Amino acid sequence: RAMGERVTNAVFSDNWRVRVGGRLVHAEAFAIGPDVAVSQKRQALLAGAGAMATLLLVAPDPERHLDEARALLGPAGGVSVWSVGGTGKLLARLVAEDGYALRQRLVGLINLLNGQAGLPKVWTI
């Protein structure tokens, strides 16, 4: 973005399958493209933002983080909590104007959900 570059054509897809004890507890598929500008404008995808992230916490009591996670994200994101077969899940999605702004918003949420473990090591290099 700082160099004035803009992605116009790309295809990105992401498929999650999360299992606990061999049992599927979360599945989702996400895709944008090939016309990135059209995908970016769609309210259900990026709502005009240039970057997005999804965080999933699978834990016995994720609801304890719900109010604080929603406060951290504000209006440019959402957080839901539910239980599937006794397994609790917290799913957060957030958007930002670019990757740098997204990272700034992610740090607090990751620290909240990840406890003392901190940020992923690759982010500190």
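Reader: Which residue does Trp82 stand opposite in S5, and what makes S4 and S5 a pair?

Author: In this predicted model, Trp82 stands opposite Lys89 in S5. Two strands count as paired if at least two bridges are found between them, and strand S4 (residues 77-84) and strand S5 (residues 87-96) have eight bridges, in the antiparallel sense; therefore they are called a pair. Another residue with a partner in S5 is Val79, whose bridge partner is Ala92. The hairpin of S4 and S5 has two residues between the strands, and Gly85 takes a positive phi near 55° there.

Reader: How do you know that S3 and S5 pair as well?

Author: The reasoning begins from the cut-off of at least two bridges: S3 and S5 are joined by nine, again in the antiparallel sense, so they too qualify as a pair. Within S5, Ala92 stands opposite Leu55.

Reader: Why is S5 described as largely enclosed?

Author: Buried means a relative accessible area under 20%, and eight of the ten residues of S5 are buried, so the strand is largely enclosed by the rest of the structure.

Reader: What makes the contact between Arg93 and Glu28 a salt bridge?

Author: The side-chain nitrogen of Lys or Arg must lie within 4 Å of a carboxyl oxygen of Asp or Glu, and the closest N and O atoms of Arg93 and Glu28 are 3.0 Å apart, so the pair is called a salt bridge. This pair links distant parts of the chain, with Arg93 in strand S5 and Glu28 in strand S2 (residues 23-32), 65 residues apart. Glu28 counts as buried because its relative accessibility is 13%, which is under the 20% limit, whereas Arg93, at 33%, counts as partly exposed.

Reader: How many salt bridges does the structure hold, and with which residue does Arg64 form one?

Author: The structure holds two salt bridges, and Arg64 forms one of them with Asp61, with the closest N and O atoms 3.1 Å apart. Arg64 is called exposed because its relative accessibility is 59% and the word applies over 50%; Asp61, with 29%, is partly exposed.

Reader: Which residues have the most contacts inside the largest nonpolar core?

Author: This core has 19 residues, and those with the most contacts inside it are Leu55, Leu94 and Leu109. S3, H2, S5 and helix H3 (99-114) each supply at least two residues of the core, and H3 gives the most, with six. Among the residues that Leu55 touches are Leu94, Leu106 and Leu109.

Reader: Where is the confidence in the model lowest, and where is it highest?

Author: Confidence is lowest in helix H1 (residues 36-41), at a mean pLDDT of 76, and highest in H2, at 93. The protein averages a pLDDT of 84, and 92% of the residues score at least 70.

Note on methods:
Residues are numbered from 1 along each chain as its sequence is written. This is a predicted model: local features need pLDDT of at least 70, side-chain atom pairs count only at pLDDT 80 or more; totals for chains, interfaces and linings use all residues. Side-chain values use heavy atoms; hydrogens and water are left out. Helices (H or I, at least four residues) and strands (E, at least two) are DSSP runs, numbered from the N terminus. pLDDT is the predictor's confidence in each residue, from 0 to 100. Buried means under 20% relative accessible area, exposed over 50%, partly exposed in between (1.4 Å probe, protein chains only). A nonpolar core is a set of buried Ala, Val, Leu, Ile, Met, Phe, Trp, Tyr and Cys residues joined through side-chain atoms within 4.5 Å. Contact means heavy atoms within 4.5 Å. Lists of a residue's contacts leave out its neighbours within four places in sequence.
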